[in-house]
Amino acid sequence: GAMKPTWDSVFLSLLLPYSCMCSQSIFLSEFILLGFPCTWEIQILLFSIFFVIYVLTLMGNLCIICAVWWDGHLHTPMYILLANFSFLEIWYVTSTVPNMLANFLSETNSISFYGCFLQFYFFFSMGTTETFFLSAMAFDRYLAICRPLHYPTVMTVQRCIRTAAGCWVCGFSCFLLPVYLISQLPFCGPNTIDHFLCDPGPLMKLSCVPAPATEVICAIFNSVLIFSTFFFITSSYTLVIRAVLRVPSAEGRHKAFSTCGSHLVVVSLFYGSIMVMYVSPTAGNPAGIQKIVTLFYSVMTPLFNPLIYSLRNKEMKQALRKLFRILRLCQRQPLKN
């Protein structure tokens, strides 16, 4: 007289462990970001170093934005893209560094579940936007040097503004899928992320159930994004270098190389570090190396970029000198009622 199991009961018994896990995941309301576990004195030292780097990064990138804004000579596609890039860098460091600074002084180092995924979304969306801006800047240099006669008609200021808007929109649309997929995983503890930000690799390791499909989708997504933009950028600069080598005058060659050289340095720094992080499998890198590489591309490159672009560029140097002269004059003049 034992009752035969129905399909419904079999299905429910299969789903039960997952539903328990999912209900447990609701209780995981926060994550702990380990950051850099070390003595209090070293934490204060690291806080001071990163605070100075953060302030210098904001000042350097703001100087570029103001120089482009105030100098009419710089209202050209190349500098409009550069000002957008500097604006992006300000928000890129702001998505991680203030939280990291707070954690250096905090006892708990906790971040809420939603806060973690918001940081994950903004940090990676801005990283993606950066790959698109670097591509747009490479294409702009290709047009200017390889197609100089067509350049004024092809890359107008309006078209440049549309390109910049496209970079922002695509950058912030791309990462919606990976963030959604990872946020749907059941998290039931432990809740400690061995990193200073909410990174997909350490996050996926905290899931109660293995998620090979999500891991593969994220790896393919990262690889396609990184390699397609990297291939586009390197092809553009290869064509630029070939064209520059044909320029008869040494002065012309030097001018073209100084502009493209600075772009290439920025591309190498950024892509070199993100390839180490996201193209190699998630399990491949020890946590320590992951943190150092992430620090390099998320904190150090936004600091170097204004230096690289302004030191290698005569027009930018002149504009910055003009900007500092204006600021000095403003300080000297007494406030008029």
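At what angle do helix α7 and helix α8 pack, and how far apart are their axes? The close-ups below start with that pair and then turn to the cysteines.

**View 1. Helix α7 packs with helix α8.** This is a predicted model, where local features need pLDDT of at least 70, side-chain atom pairs count only at pLDDT 80 or more, and totals for chains, interfaces and linings use all residues. Residues are numbered from 1 along each chain as its sequence is written, and side-chain values use heavy atoms, leaving out hydrogens and water. Helix α7 covers residues 157–174, helix α8 covers residues 176–183, and they pack at about 20 degrees with axes 5 Å apart. (Axes are lines fitted to C-alpha atoms, for helices over the stretch in contact, and angles run from 0 to 180 degrees between N-to-C directions; helices are DSSP runs of H or I with at least four residues, strands are E runs of at least two, and both are numbered from the N terminus.) That makes α7 and α8 roughly parallel, since angles under 35 degrees get that label, over 145 is roughly antiparallel, 65 to 115 roughly perpendicular and the rest oblique.

**View 2. Here is where α7 and α8 meet.** On the α7 side you'll find F172, S173 and C174, and they meet L176, L177 and P178 of α8 (contact means heavy atoms within 4.5 Å). The contact residues split into 5 nonpolar, 1 polar and no charged. Here Ala, Val, Leu, Ile, Met, Phe, Trp, Tyr, Cys and Pro count as nonpolar, Asp, Glu, Lys and Arg as charged, and the others, Gly among them, as polar.

**View 3. C116 and C198 form a disulfide.** A disulfide is a covalent bond between the sulfur atoms of two cysteines; the cut-off used here is sulfur atoms within 2.5 Å. For C116 and C198 the sulfurs sit 2.0 Å apart. The S-S torsion is about -125 degrees, so this disulfide is left-handed. C116 is in helix α5 (residues 113–146) and C198 in the loop between β3 (192–193) and α9 (200–205), so the pair ties together parts 82 residues apart in sequence. C116 is buried at 0% relative accessibility, and C198 is buried too, at 1%. (Buried means under 20% relative accessible area, exposed over 50%, partly exposed in between, with a 1.4 Å probe and protein chains only.)

**View 4. C188 and C208 form a disulfide.** Their sulfur atoms are 1.9 Å apart. C188 sits in the loop between α8 and β3, and C208 in the loop between α9 and α10 (212–245), 20 residues apart. C188 is partly exposed at 27%, and C208 is partly exposed at 22%.
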